Amino acid sequence: MGIKSGHMYTAGVASIAMSFATWFMSKKMEASGIDRADRWGIFIGEWAPSFFALGVALRIEETHRELEGPESETYEQAGTRARTHAGV
């Protein structure tokens, strides 16, 4: 799909920054009080670990592709056991 691990890491950092921004804006602009601002900040902040985890998974996949090289294939010739990226 063209998404690289760096994109996910950037989204994670942006999520943290957006968490602070939404908390601050909600605290200042809404009359609901600090409880609602805290909920907004926590909601947005929960996205960051997901983005970082996806970044790590993509980094592992990118590393495996670099190690295999362009000439190797995922599956071996017919009649032999299929090989996955994990080597299982």
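Let's start with a rule we'll need: rings of Phe, Tyr and Trp (for Trp, its six-membered ring) count as a pair if their centres lie within 6.5 Å. Planes under 30 degrees apart are called stacked, those over 60 edge-to-face, and the rest tilted. Go by that rule, and you end up with one aromatic pair. The partners are Phe43 and Trp47: the ring centres sit 5.5 Å apart and the planes meet at 75°, so this pair is edge-to-face. Keep in mind that what you're looking at is a predicted model.

Are these two residues buried, exposed or partly exposed?

| Residue | Relative accessibility | Class |
|---|---|---|
| Phe43 | 42% | partly exposed |
| Trp47 | 33% | partly exposed |
| Ser19 | 13% | buried |

Now for the overall picture. The protein chain has three helices and zero strands, and along the sequence the pattern reads α-α-α. Of its 88 residues, 15% count as buried. The accessible surface of the chain is about 6900 Å², and 64% of that belongs to carbon and sulfur atoms. What about contacts across the sequence? Take the ones between residues at least 6 apart: 57% of them join residues at least 24 apart.

Next, the helices. For helix 1 (residues 5-29) and helix 3 (residues 47-68), the axes come within 7 Å and cross at roughly 170°. Angles over 145 degrees count as roughly antiparallel, and helix 1 and helix 3 are therefore roughly antiparallel to each other.

Which residues make this contact? On the helix 1 side they include Ser5, Met8, Tyr9, Gly12, Val13 and Ile16. From helix 3 come, among others, Phe51, Phe52, Leu54, Arg59 and Glu62. Sorted by class, the contact has 13 nonpolar, four polar and two charged residues.

Finally, back to Ser19, which lies in helix 1.

Terms used: Residues numbered from 1 in each chain as written. Predicted model: local features only at pLDDT ≥ 70, side-chain atom pairs only at ≥ 80, totals over all residues. Heavy atoms only, no water. Axes fitted to C-alpha atoms, helices over the stretch in contact; angles between N-to-C directions. Helix = DSSP H or I, 4+ residues; strand = E, 2+ residues; numbered from the N terminus. Parallel < 35°, antiparallel > 145°, perpendicular 65-115°, else oblique. Contact = heavy atoms within 4.5 Å. Nonpolar A, V, L, I, M, F, W, Y, C, P; charged D, E, K, R; others polar. Buried < 20%, exposed > 50% of the residue type's maximum accessible area, 1.4 Å probe, protein only. Areas by Shrake-Rupley, 256 points an atom, 1.4 Å probe, with all protein chains shown as cover.
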